[in-house]
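Hello! Here are my notes for your read-through, as numbered points. Please keep the viewer open while you go through them.

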Amino acid sequence: MSEEAIKLGGKKKSTFMDKVKELLPEGGNLNLCLTCGACSSGCPATGLEGMDPRKFLRMAALGMDEEITTTPWVWMCSMCQRCIYVCPMKIDIPQLVYNARAAWPRETRPKGILGSCDMALRNDSCSAMGTSPDDFRFVVEDVLEEYREAQPEFADMEAPIDKQGAEFFLNQNSREPVTEPDEMVPLWKILHIAGVDWTYGSRGWGGENYCMFLADDDAWKHTTGISAEQADALGCKVFLNTE
Ligand code: SF4
Ligand code: SF4
């Protein structure tokens with residue numbers, strides 16, 4: 001992997017880095033980097049778009065705001081947080097990445113993530129596939145019936161939606177009800193055998209969080225808020241996040 005040298009165009013004041021520091025407890029430790037490189041060696045996005053997390057952090061510290069708020073590398077970061085885990089100073093690089101994403105005008109952000117977030121805003125399912133609550137209910141009931149009939153040992157298995165007072169609120173990857181409905185069943189079976197009292201919500205069952213990956217705070221708050229409201233309205237005690 002070849003790395004381009006960082007060219008300094010005179011001393012600049014980093015407004016971007018200062019702004020992110022203000023948002024984080026302890027400033028996210030953003031100015032404590034030892035340049036050890038541990039973050040970069042374990043990062044799945046290292047080398048993509050000529051960037052890695054250490055370089056990104058150094059450029060931010062050097063005040064290269066224009067460069068870090070326009071590099072497409074920020075969209076390569078998976079937000080896995082591995083860099084924080086290995087960093088001796090626990091520096092919060094993904095927060096820096098998140099805020100660099102937010103600096104992009106919304107319509108210029110990657111189409112796949114943007115489209116999935118917009119789909120999640122279409123109805124109260126918060127599904128990245130745009131599936132409505134009624135369609136979700138239809139698929140769940142249909143698949144459940146099929147398995148109850150085909151596998152007598154699961155004849156009394158349940159897959160409830162909006163069960164009042166259930167202990168666990170379960171969400172669901174949105175792709176499965178649409179493209180691979182059978183993939184929902186193994187988890188139902190595990191919960192059934194374990195005797196877990198659970199429910200989906202008709203609102204907020206979509207488990208992905210594309211609006212977070214898009215760095216759209218308002219949309220992220222909206223979709224997460226619907227899931228949380230529904231779990232509260234049903235009186236669930238534990239939110240089982242499958243994503
Ligand atoms: S692991 Fe932490 S201290 Fe080491 S280079 Fe990366 S950010 Fe800096
Ligand atoms: S959170 Fe982003 S920068 Fe950190 S290791 Fe994961 S992909 Fe790399």
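1. A definition to begin with: Ala, Val, Leu, Ile, Met, Phe, Trp, Tyr, Cys and Pro count as nonpolar, Asp, Glu, Lys and Arg as charged, and the others, Gly among them, as polar. With that in hand, the lining of the second largest cavity divides into 10 nonpolar residues, two polar and no charged.

2. A word on ground rules. This is a predicted model, where local features need pLDDT of at least 70 and side-chain atom pairs count only at pLDDT 80 or more, while totals for chains, interfaces and linings use all residues. Residues are numbered from 1 along each chain as its sequence is written, chains are lettered from A and ligands numbered from 1 in the order in which they are written, and side-chain values use heavy atoms, with hydrogens and water left out.

3. Back to the cavities. A cavity here is a set of points, on a 1 Å grid over the protein atoms alone, where a 1.4 Å probe fits but cannot get out, and its lining residues have an atom within 4 Å of a point. Grid points are joined across faces, edges and corners, and the volume is the space filled by probe spheres set on the points. Searching the whole structure gives three cavities of 30 Å³ or more.

4. The largest cavity has a volume of about 110 Å³. It is lined by 16 residues, of which Cys43, Cys77, Ser78, Cys80 and Cys83 are the closest to its centre. The lining divides into 12 nonpolar, three polar and one charged. Helices H5 (82-86) and H6 each supply at least two lining residues, and H6 gives the most, with three. Helices (H or I, at least four residues) and strands (E, at least two) are DSSP runs, numbered from the N terminus.

5. The second largest cavity has a volume of about 70 Å³. Among its lining residues you will find Cys33, Cys36, Cys39 and Cys87, along with Leu34, Leu57, Ile91 and Ile93.

6. Next, the aromatics. Rings of Phe, Tyr and Trp (its six-membered ring) pair if their centres lie within 6.5 Å; planes under 30 degrees apart count as stacked, over 60 as edge-to-face and the rest as tilted. The structure holds seven such pairs. In one of them, Tyr98 and Trp220 are tilted, at 5.8 Å centre to centre and 55° between the planes. Because Tyr98 lies in helix H6 (residues 93-102) and Trp220 in helix H12 (residues 217-233), this pair ties together parts 122 residues apart in sequence. Tyr98 is buried at 10% relative accessible area, whereas Trp220 is partly exposed at 28%. Buried means under 20%, exposed over 50%, and partly exposed in between (1.4 Å probe, protein chains only).

7. Phe136 and Trp205 make a stacked pair, with ring centres 3.8 Å apart and planes at 10°. Phe136 is in helix H8 (residues 133-150) and Trp205 in the loop between strand S2 (198-199) and helix H11 (210-213), 69 residues apart. Both residues are buried. Ring pairs also link these two with Trp198 and Tyr200 into a cluster.

8. Which residues does Thr131 touch? Not counting residues up to four places away in sequence, they are Asn123, Ser125, Phe136, Val178 and Trp205, where contact means heavy atoms within 4.5 Å. Thr131 is buried, at 11%, and sits in the loop between helix H7 (111-120) and H8.

Technical notes: On a 1 Å grid over the protein atoms alone, a cavity is a set of points where a 1.4 Å probe fits but cannot get out, and a pocket is an open set with protein on both sides within 12 Å along at least five of seven lines; lining residues have an atom within 4 Å of a point.
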